[in-house]
Amino acid sequence: MKILSLQYKNFRNLKETKLVPHSNINIIYGDNAQGKTNILESIWILTGGHSFRGNKDKNLIAFEQDFAKVECEFKTIDRSQSIKIVISNKNKKATLNNVPKKSISMIVGKFCCVVFSPEHLSLVKNSPAERRKFLDTTICQMKPSYVSLLVNYNKTLEHRNALLKNLYKSPSLESTLDVWDEKLSFLGALIASERIDYTSKLSLYSKAFYDGISGNKEHLRVLYNPSYIKDCENTQDIKLSLYNMLKTKLQESINLGFTTVGPQRDDLLITIDGKDAKKFASQGQQRSCVLALKLSEASILKEITGEEPIILLDDVMSELDSGRQDFLINKIKDKQVFITCCSEDAVLKLQNGRSFHIQDGGIISS
Ligand SMILES: Nc1ncnc2c1ncn2[C@@H]1O[C@H](COP(=O)(O)OP(=O)(O)O)[C@@H](O)[C@H]1O
Ligand SMILES: [Mg+2]
């Protein structure tokens, strides 16, 4: 999908404007605190989600005003569409193709974006939970039934963990454990299988994107390979292996009071030239990794839904060398991209796109 025009009113510090972007690359540049990220945020809000900066919706309303409005005309494969979001102190209302929607959730999936902001570097730097969330969030978008699978698994896990704590005091309860092990390994194997399938797609795309970003100098690999899925060929094998592992690790789990094996403990291993990116990658390499993963996420969503999401890249340029910057500015074809940066350098390199110079919330040249 491509944005044809974007209009906002009373949105943070942005001056009321109708912005007509390029269908490929758009660079929004200017000094600090002028409103660059605010423009990306105004686009993101149209997805129906909350701000990627983790702010409350009402913080998006310009100071001293009582509502904020963002609207956009966009093109999908088959037609032109429009979407509007109005945020007040009380609520957030959406209108799609001039039809007011009862709830904001009804527009989720209609207007899609993938966003990279510096906080997303945590995807490489932080704990495994962050990487599991990255996998799960996209799988949930592709497969709504995965949401209930996760909910069901987590409930079962809570029951088993509660029982483990009691077992410490009353060992006779052990006979009741097997029913939870059966259920947990069954659901856990389904989750692991989905993550394996998704990671194999992610692996292909992210390798290609990283090759492009690094000019083929370094190679990225992503791997989802927890110990209990070694030598497994299908979901049934994983189930059996996980079931056996739950038994093997029972004493350890009783001592610790929680289940020490399963999808809730897994990690996505990210390596550059065979070295763990979390431990060894430079800032620029970590940035490149996350970019490759985010661009891959967009390509996989395109594969599933047929629509190319809009890409929002906030402050990615810093710490990237000129070759890597050139890839972002000139080598991403087919996708509509919005990139923010402070310096005008990127604009001078831009071959196929438009630039917007922003000052004090207003576009002063484009
Ligand atoms: N609700 C709001 N109303 C008015 N101005 C706001 C609001 N929220 C943030 N701002 C202002 O927006 C500016 C930051 O914009 P931002 O897009 O983050 O800057 P940058 O260009 O560095 O990305 C700050 O000056 C901040 O005070
Ligand atoms: Mg910013």
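This is a predicted model: local features need pLDDT of at least 70, side-chain atom pairs count only at pLDDT 80 or more; totals for chains, interfaces and linings use all residues.
Let's start with one pair of residues: Leu 6 has Leu 19 as its bridge partner in β2. That pair belongs to the link between β1 and β2, which run antiparallel and are joined by 3 bridges.

## The open sheet

Zooming out, these strands are part of an open sheet of 6 strands, in the order β2-β1-β4-β5-β6-β7, with antiparallel pairing. The strands at the edges are β2 (17–19) and β7 (99–100), each of which pairs on one side only. As background, the strands of a sheet pair through backbone hydrogen bonds, and they can do this either parallel or antiparallel.

Helix α1 (residues 36–45) lies across part of this sheet, namely β1 (2–9), β2, β4 (67–75) and β5 (80–88). Relative to β1, helix α1 runs at about 110°.

Thr 95 has Pro 100 as its bridge partner in β7.

Asn 97, however, has a positive phi, near 50°. Asn 98 sits in the loop between β6 and β7 too, and its phi is also positive, at about 70°, although Asn 98 is not a glycine. As for solvent, Asn 97 is partly exposed, with a relative accessible area of 25%, whereas Asn 98 is exposed, at 67%.

## Around ligand 1

Which residues come nearest to ligand 1? There are 15 residues around ligand 1, and Ala 33, Lys 36, Thr 37, Asn 38 and Ile 61 come nearest.

Several polar atoms face oxygen atoms of ligand 1. A polar backbone atom of Ala 33 is 2.7 Å from an oxygen atom of the ligand, and a backbone N or O atom of Gln 34 lies 3.1 Å from an oxygen atom of ligand 1. Arg 53 takes part through its side chain, with a polar atom 3.1 Å from an oxygen atom of ligand 1. On its own, ligand 1 has 580 Å² of accessible area, and the protein covers 75% of that.

## Strand β3, an enclosed strand

Is β3 buried or exposed? Of its 5 residues, 5 are buried, so β3 is largely enclosed by the rest of the structure. Ile 25, Ile 27 and Tyr 29 point one way from the strand, while Asn 26 and Ile 28 point the other way.

With β13 the pairing is parallel, over 5 bridges, and Ile 25 has Val 337 as its bridge partner in β13. Strand β14 (residues 353–359) also runs parallel to β3 and is joined to it by 5 bridges. In that case you can look for Ile 28, whose bridge partner in β14 is Phe 356.

## Helices α10, α9 and α5

Helix α10 (residues 322–330) has these buried residues: Arg 324, Gln 325, Phe 327, Leu 328, Ile 329 and Asn 330. The elements that cover them include β3 (25–29), α5, α9 (283–305), β12 (310–313), β13 (337–341) and α11 (345–349).

In helix α9 you will find Arg 287, which is buried, with a relative accessible area of 6%. A polar atom of the Arg 287 side chain lies 2.7 Å from the backbone oxygen of Asp 315. Leaving aside residues up to four places away in sequence, Arg 287 touches Phe 116, Leu 121, Asp 315, Val 316, Ser 318, Glu 319 and Leu 320.

Helix α5 (residues 177–213) holds Phe 186. This phenylalanine is partly exposed, with a relative accessible area of 47%. Phe 186 and Leu 167 are 19 residues apart in sequence, and their C-alpha atoms are 22 Å apart in space.

Technical notes
Residues are numbered from 1 along each chain as its sequence is written. Chains are lettered from A and ligands numbered from 1 in the order in which they are written. Side-chain values use heavy atoms; hydrogens and water are left out. Two strands pair if DSSP finds at least two bridges between them. Helices (H or I, at least four residues) and strands (E, at least two) are DSSP runs, numbered from the N terminus. Contact means heavy atoms within 4.5 Å. Axes are lines fitted to C-alpha atoms, for helices over the stretch in contact, and angles run from 0 to 180 degrees between N-to-C directions. Buried means under 20% relative accessible area, exposed over 50%, partly exposed in between (1.4 Å probe, protein chains only). A residue is near a molecule or strand if one of its heavy atoms lies within 4 Å of it. A polar contact is a pair of N or O atoms within 3.5 Å; within protein, one must be able to donate a hydrogen and the other to accept it, and residues adjacent in sequence count only if both atoms are side-chain atoms. Accessible areas come from the Shrake-Rupley method with a 1.4 Å probe; for residues, only the protein chains shown count as cover.
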